[in-house]
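Here is a short note to read alongside the model, written for someone meeting it for the first time. Please keep the viewer open and follow the points in turn.

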Amino acid sequence: MKKKYSIFAALLVVSFIFLLGYKVQAAPADIPIPKVNISVDGANTPKEYVDNIKLLIILTILTLLPSIIIMMTSFIRISIVFSFLRSAIGTQQAPPNQVLIGLAIFLTIFIMTPTFNAVNNNAIKPYLDNKITQEQAVEAGSKPLREFMLKTTRQNDLKLFIDVAKVKGDITKDNVPLYVVVPAFVISELKTAFIIGFLLYIPFLIIDLVVSSVLLSMGMMMLPPVMVSLPFKLLLFVMVDGWHLLVKSLIMGFS
């Protein structure tokens, strides 16, 4: 026991010396820290003023980027369908949320790449090159997003928000305000995702009913039907190449 206490005391002393040395080395006298200034008042030339404004706009866009990705892209439908799929199969944490969200993000990037390229070529690059004004850049950038959302938005959902917002004038697909298109697109995507989820539940629900009936007829009421039906669900999903079919249907739904 004395030997163990002496070893423990020696480890404590070494750890204390190491931490003391680390603290001494972690605070050197002079460390050059670069100064980052994004204030508009500190601009001395028009070019610096424009650069600071562009940096502020980029930072603002980065703060709104998660909302833009969720509400104006295909991410809504894909993430909800994946959630329904996992619930229909009956697996609690497989695949984990990180995997499903990551796959949904990359599928969203794949689907939205033509739209993002159009926004970059028609709005961002000309604006950074000072070829168009900010108002023209906003209009040119919103046009591809508007076309993408209207392609999968139901007419009755769009009409609902147009009537509630009391938008005046001749409304066409080219001049519908984004604050009207976005909520209509969201509820349309929710309805489509729920329809796909219902269709996903049907084959797995049939398996649950068959397994429950068989177990009840055999008198095995103490055995949970979910435990028996889960392997058959996984086998069915693998045999029909479920991931391929599901991802293909999701991608083709936006084409």
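1. **Terms and numbering.** Helices here are DSSP runs of H or I with at least four residues, strands are runs of E with at least two, and both are numbered from the N terminus. The model is predicted, so local features need pLDDT of at least 70 and side-chain atom pairs count only at pLDDT 80 or more, while totals for chains, interfaces and linings use all residues. Residues are numbered from 1 along each chain as its sequence is written, and side-chain values use heavy atoms, with hydrogens and water left out.

2. Buried means under 20% relative accessible area, exposed means over 50%, and partly exposed is in between (1.4 Å probe, protein chains only). Threonine 91 counts as buried because its relative accessibility is 15%. Contact means heavy atoms within 4.5 Å. Apart from neighbours within four places in sequence, threonine 91 is in contact with Arg86, Leu230 and Leu234. Glycine 90, which follows α3, has a positive phi, near 100°.

3. **Helix α3 itself.** How many of the 15 residues of α3 are buried? The count is 12, so this helix is mostly covered. Among the buried residues are Phe75, Arg77, Ser79, Phe82 and Arg86. The expected span of a helix is 1.5 Å times one less than its number of residues. For the 15 residues of α3 that gives 21 Å, and the end C-alpha atoms are 21 Å apart, so the two agree.

4. **α3 against α4.** Axes are lines fitted to C-alpha atoms, for helices over the stretch in contact, and angles between N-to-C directions run from 0 to 180 degrees. The axes of α3 and α4 come within 9 Å and cross at roughly 145°. A crossing is left-handed if the near helix is turned anticlockwise from the far one by less than a right angle, and right-handed if clockwise. For α3 passing α4, the crossing is right-handed. On the α3 side, the residues that meet α4 are Phe75, Ile78, Ser79, Phe82 and Arg86. Their partners in α4 include Asn97, Ile101, Ile105 and Thr108. By class, this contact has 10 nonpolar, three polar and one charged residues. Here Ala, Val, Leu, Ile, Met, Phe, Trp, Tyr, Cys and Pro count as nonpolar, Asp, Glu, Lys and Arg as charged, and the others, Gly among them, as polar.

5. **A closer look at isoleucine 105.** Isoleucine 105 belongs to helix α4 (residues 97-128). Isoleucine 105 counts as partly exposed because its relative accessibility is 37%. From C-alpha to C-alpha, isoleucine 105 and isoleucine 78 are 8.8 Å apart in space, and they are 27 residues apart in sequence.

6. **α6 against α7.** Helix α6 (residues 155-165) and helix α7 (residues 178-217) have axes that come within 8 Å and cross at roughly 140°. This crossing is right-handed too. In α6 the contact is made by Asp157, Leu158, Phe161, Ile162 and Ala165, and in α7 by residues including Tyr179, Pro183 and Ile187. The contact of α6 with α7 divides into 10 nonpolar residues, one polar and one charged.

7. **Salt bridges.** Side chains of opposite charge can pair when their charged atoms come close. A salt bridge is a side-chain nitrogen of Lys or Arg within 4 Å of a carboxyl oxygen of Asp or Glu, and by this rule there are three.
   - Glutamate 189 pairs with arginine 77, with the closest N and O atoms 2.8 Å apart. This pair links distant parts of the chain, α7 and α3, 112 residues apart.
   - Lysine 159 is exposed, at 51%, and aspartate 163 is partly exposed, at 44%.
   - Lysine 233 pairs with aspartate 208, the closest N and O atoms being 2.9 Å apart. Lysine 233 lies in helix α8 (residues 225-239) and aspartate 208 in α7, 25 residues apart. Lysine 233 is buried, at 4%, whereas aspartate 208 is partly exposed, at 21%.

8. **One backbone angle to check.** Aspartate 241 has a positive phi, near 55°, in a residue other than glycine. Aspartate 241 lies in the loop between α8 and α9 (242-252), and is partly exposed, at 42% relative accessibility.
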